[in-house]
Amino acid sequence: MDLRNGFDIKRYIRTIPDYPKPGIMFRDITTLLADLHGFRATIDELVWPFLRGDIDYVAGIEARGFILGGAVAASLGRGFIPIRKKGKLPSRTIGQEYALEYGVDTIEIHADAIKQDDRILLIDDLIATGGTAGAAIDLIRKSGGEVVAAAFVIDLPELGGAAKLRSKNVKVHTLVSFEGH
Ligand code: AMP
């Protein structure tokens, strides 16, 4: 039976027009996380497809992916692996560059965080172009891990990120979507 509780997650997401620059509609989840029912419903919805799954670790992308990914990992009874911006992790790392609108950025993971064939669930708050999550998938695969699925609260389908991840053979689970950017 489907025990999902039908909480209206989308209503609790605040939109800030023209942040951080003109033309961007920033989808702010702090209002969702601050609501006691909202946070719990969000974690339940992210987790339910994976309750029976064979996941070894949950990996979250800095920074909002840490808040969600940590709660998802605890809910699934699994460990959490942080994927961080360059230069933040203290031990030996491996990195992956990805393209931004202007220039490049790098994300890193501890070199010993993932063992060969570990099964990973990737978490972030939002998928837009899929540049960030795509780099995280490449990084997990470089580490020897298998990306079982990637889950996000928000999809911006017009930007094509979810389709991009599916073309990399990753299952994508999203909770709500918004038109446009
Ligand atoms: P992308 O790499 O294009 O898929 O962008 C995804 C990353 O950028 C995520 O970590 C999001 O938190 C952030 N992001 C991109 N677009 C938005 C938006 N409209 N509102 C909030 N966060 C965004």
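**Salt bridges and burial**

Tutor: Glu62 counts as buried, because its relative accessibility is 17% and the cut-off for buried is under 20%. Please keep in mind that this is a predicted model.

Student: Which residue forms a salt bridge with Glu62?

Tutor: That is Arg84, and the closest N and O atoms of the two are 3.1 Å apart. Arg84 lies in strand β4 (residues 79–85) and Glu62 in the loop between β3 and α3 (64–76), so the pair ties together parts that are 22 residues apart in sequence.

Student: And Arg84, is that buried or partly exposed?

Tutor: Arg84 is partly exposed, at a relative accessible area of 22%.

Student: Now to helix α3. What does Arg64 meet in a salt bridge?

Tutor: The side chain of Arg64 meets that of Asp125, at 2.9 Å from N to O. Since Arg64 is in helix α3 and Asp125 in strand β7, the pair ties together parts that are 61 residues apart in sequence. Asp125 counts as buried at 5% relative accessibility, whereas Arg64 is partly exposed at 33%.

Student: How many salt bridges are there in total?

Tutor: The count comes to eight. Among them is the one between Asp54 and Arg119, at 3.8 Å from N to O. Asp54 lies in the loop between α2 (36–47) and β3 (57–61), and Arg119 in strand β7 (residues 119–127), so this pair ties together parts that are 65 residues apart in sequence.

Student: Which residues are linked with Arg119 in a network?

Tutor: Asp54 and Glu146 are linked with Arg119 in a network of salt bridges. Arg119 itself counts as partly exposed, at 22% relative accessibility.

Methods
Residues are numbered from 1 along each chain as its sequence is written. This is a predicted model: local features need pLDDT of at least 70, side-chain atom pairs count only at pLDDT 80 or more; totals for chains, interfaces and linings use all residues. Side-chain values use heavy atoms; hydrogens and water are left out. A salt bridge is a side-chain nitrogen of Lys or Arg within 4 Å of a carboxyl oxygen of Asp or Glu. Helices (H or I, at least four residues) and strands (E, at least two) are DSSP runs, numbered from the N terminus. Buried means under 20% relative accessible area, exposed over 50%, partly exposed in between (1.4 Å probe, protein chains only).
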